[in-house]
Amino acid sequence: MSSNLLDKAYEPHNVERHWYAYWEDQDLFAAIEDNKLKSYSIVIPPPNVTGVLHMGHALNNTLQDVLCRYRRLRGDNVLWMPGTDHAGIATQNVVEKQLALEGADRHQLGREKFIEAVWAWKEKFGSAIINQLKRLGASCDWKRERFTMDAGLSRAVRKVFVTLYEQGLIYRGDYIINWCHRCHTALADLEVEHEDIDGHLYYIRYPFENGNGAAVVATTRPETMLGDTAVAVHPDDSRYHHTESERVILPLMNRPLPIIKDKYVDVAFGTGALKVTPAHDPNDFEIGDRHALPSIKVIGDDGRMTAEAGKFEGLDRFECRKAVIEALDQEGLLEKIEPYRHSVGHCYRCKTVIEPNLSRQWFVRTKPLAEKAITAVDNGNTRIIPETWKNTYYEWMNNIKDWCISRQIWWGHQIPAWTCEACGQLIVAMEAPKECPACRQSKLVQESDVLDTWFSSALWPFSTMGWPEKTPLLKIFYPTSVLVTGFDILFFWVARMMMMGIHFMGEVPFKDVYVHALVRDEDGKKMSKSSGNVIDPLTIIEKYGTDSFRFTLAAFAAQGRDIKMSEKRVEGYRHFVNKIWNAARFALMHLEKDRNRVNLGQLGLADRWILSRLHSVSSAVAEALDTYRFNDAAAVLYNFIWHEFCDWYLEAIKPVLYQKKGPEKESTLAVLWWVLRDTLVLLHPFMPFVTEEIWQQLPGTSGSIMKAAFPSDNKDSPSKVPDPEAASKMGLITAIITGVRNVRGEMHIAPSQMLKVIIQTEDSSIQETIEAHREMIINLSRLRSLAVEAPGAKPAAAATSIVDGAMIFVSLEGIIDFEKEGQRLEKEINKLMNELDPVRKKLNNANFINKAPGPVVEKVKDKQRRLEERRRKLQSNLDRIKQLT
């Protein structure tokens, strides 16, 4: 027996701490700056420095780690570039809240001191998410960790901004932007979360200037009417063809407005007359631009009405809404109010209702950049997987709008633009200018705005590798191999990286984009704090260990299908970890020395079969991971380890291990060594910790499992070719054993009860296979006797099972009291029907089906399916008993 025994039970936490520290100490995550090696690279989607590990992070980083560990096993030089994002608005909000608890605010501190406070917060708390990723087992090259505001990335950001400005692709202009009054900053369209709410549609009479009637307009935001500069109708709308007056009077403001004709107007909405407020609606802004209308800003950046709002000046925008409605009603100009459900934009950070507002901002002219990014996907330079996301990518890129990149906050990359106070000259430069190039005055004021967080993130694949310098890292690892991301940042981040990477590097930033799905709760609902259904990854890891959690995520990560996560599923894969541990413990009891030499000419059937299966599994896992089918790779491994290796192979070789000596046992031990060795390697990308722990106890291994060769790449591995003959013969034997076991289970025969079995077949090859492996069938089926004969009469009192080419008869004479068994089954069926009847009635109740929540109905249907299946099996057994009697 071997002295290399594993502990009786697997305790994950000590193992995980020990081996992660070992991997880091040995620099096993480090990429090598050597262009002679085959490179593989991934840049981590940088989590916010304020972040805490959630299910999205856990899934995303588990899949990346699976790929990186797999590619290392294949011999690649792997760079997994880590880092964090400065997360402008989010981080500033966190620090502002902290200051508020201390009775201070950023304005009291001033910009410079506030930024110092944010850096101090970052140094103290910013590494939390990194430590949590390490707990997950992430094998990033941590010595290369970057931060979107470190010195190197800041220089890259300035270089890009200045270059784009000089190329005419960055400009400053007045435009309608999404404005958050709480965060006091502009938001890009993608940073606005739209939510359907129950509001109202207000119908307002705009009297014609000539006094003959009025145009009625409908709006959800009556407070903005104070800034109207026109009323628009569709040129083909017959209702307005004969309008005598060319102008209307704006209610409450008594300002004449032109009636204009524009094809944007929806004739089916409201009355077909549209109030046009260029300063407070993006579509109205476009109409105003086409018709040269003035823009009147009536809602200020603080959410209160401006002087342009007349007597409503100083009111909060929502207070103003009420006041405007009351005033209109008093003047008889409020036609009617209707309930109206519509989509309202909210700030993605603080959830405040955003206000479309006219503002002077900085923009990237995206159309020229987007065209090349579209072509790159068109011609296959970058693949999007699953392909269903390609159309979404195209739709957004083809309709892309200029990107507002300025934010009115303090934490972030301050825009490198200066204005001369003397002559108004704008200077954009890499370094702060000492004087104005136009008038030579030195009073220069830097732009106070900072860049959108996503601007620096868009440069991540090349800035992290040292750009704008021409570094060895860029030469070896750019373009990166794959980007693993959620679909929610496909446009926030992925599309922008495509545009910037192609523009500045001349190449796409990644060859593949793998878009994974969402992790939802067990009922398929989105996890949220308000719903109380959030599952904390760190709690799950603490309870079940990292490996079982990682394997659960991978096992359910099917392309295009959201993951329904539950603690029960993780618990199930914790049992799988235990199964692996116990199997390895059993194997190591017999492997007291290195057994890496196999005499293929002396192998028994079970040995040949398991090597053949190992070959197929190795190929299947490689093919699945190469095509991002993580769930398929996990399923293949689960089935092979639990059912084929543990349930069949280990059971089949026990007589050899315990009762045999000489060459037969030596060959089996060698096969057992190889199968355990290669199985650990195949499993390692998914379960890094338990595989390393077992690997270190396996005689004949050296160093970390991370340095092992993948089975299909290992020239010494005996599992090089499939063995169809062994597969066929072992398939027959396992089918026979399974048939006997099924009869035993269905008839409630105790496992200790030895059985008598007769197999009838006219196929001589089946007869020969059974006779050659009679001992295995008898041992694993627990038989008293086994007879093989030509087809004839069915033996009396025997249960039947069928395999391809043979009939199996299990004698029940003297084993089962048929009368008592029949009575027991009838009693079970009656009991089950009492449980099934109310379930059927509930599902036949239209009221329940129509009114109960979908998940509740589905649970009742699942219960019915389970009960029906059990009833069917019981009835089948009862019918069989009646036939036997």
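Colleague: Why is Glu-762 called exposed?
Modeller: Its relative accessible area is 71%. Exposed means over 50%. Glu-762 therefore counts as exposed in this predicted model.

Colleague: Where is the place of Glu-762?
Modeller: In the loop between strand E26 (755–760) and helix H24 (764–772).

Colleague: Which residues gather with Glu-762 in a patch on the surface?
Modeller: Asp-763, Glu-768 and Asp-804.

Colleague: What makes the phi of His-184 worth a remark?
Modeller: Phi is near 55 degrees, a positive value, and the residue is other than glycine. His-184 sits in the loop between strand E5 (170–180) and strand E6 (185–187).

Colleague: Why is His-184 called partly exposed?
Modeller: Its relative accessibility is 33%. Buried needs under 20%, exposed over 50%. The value falls in between, so His-184 is partly exposed.

Colleague: What is the phi of His-748?
Modeller: About 60 degrees, a positive value, although His-748 is not a glycine. His-748 lies in the loop between helix H23 (724–746) and E26.

Colleague: Why does His-748 count as exposed?
Modeller: The relative accessibility of His-748 is 54%. That is over 50%, so His-748 counts as exposed.

Colleague: How do you know that Asp-150 and Arg-146 form a salt bridge?
Modeller: Their N to O distance is 2.9 Å. The cut-off is within 4 Å. The pair therefore qualifies. Both Asp-150 and Arg-146 are buried.

Colleague: What makes Asp-174 and Arg-360 a salt bridge?
Modeller: N to O is 3.6 Å for this pair. That is within 4 Å, so the pair counts. It links distant parts of the chain: Asp-174 is in strand E5, Arg-360 is in strand E14 (residues 355–364), and they are 186 residues apart.

Colleague: Why are Asp-174 and Arg-360 called partly exposed?
Modeller: Asp-174 has 46% relative accessibility. Arg-360 has a relative accessible area of 48%.

Colleague: What separates Glu-651 and Lys-654 in helix H20?
Modeller: About one helical turn, because they are three residues apart in H20 (residues 630–659). Glu-651 is partly exposed at 32%. Lys-654 is partly exposed too, at 27%.

Colleague: What joins Arg-608, Asp-723, Glu-725 and Lys-729 into one network?
Modeller: Salt bridges that share partners.

Colleague: How many salt bridges does the count come to?
Modeller: 51.

Colleague: Which bond from Ile-385 to Pro-386 is cis?
Modeller: The peptide bond, with omega near -5 degrees. Pro-386 lies in the loop between strand E15 (383–385) and helix H11 (388–398). A cis peptide bond also joins Trp-467 and Pro-468, with omega about 20 degrees.

Colleague: How many helices and strands are in the chain?
Modeller: 28 helices and 29 strands. Of the 885 residues, 53% count as buried.

Note on methods:
Residues are numbered from 1 along each chain as its sequence is written. This is a predicted model: local features need pLDDT of at least 70, side-chain atom pairs count only at pLDDT 80 or more; totals for chains, interfaces and linings use all residues. Side-chain values use heavy atoms; hydrogens and water are left out. Patches are made of residues with over 30% relative accessible area and no salt bridge: like charges are joined within 9 Å, nonpolar side chains (Val, Leu, Ile, Met, Phe, Trp, Tyr) within 5 Å. Accessible areas come from the Shrake-Rupley method with a 1.4 Å probe; for residues, only the protein chains shown count as cover. A salt bridge is a side-chain nitrogen of Lys or Arg within 4 Å of a carboxyl oxygen of Asp or Glu. Lys and Arg count as positive and Asp and Glu as negative; His and the chain ends are not counted. The place of a charge is taken as NZ of Lys, CZ of Arg, CG of Asp or CD of Glu. Helices (H or I, at least four residues) and strands (E, at least two) are DSSP runs, numbered from the N terminus. Buried means under 20% relative accessible area, exposed over 50%, partly exposed in between (1.4 Å probe, protein chains only).
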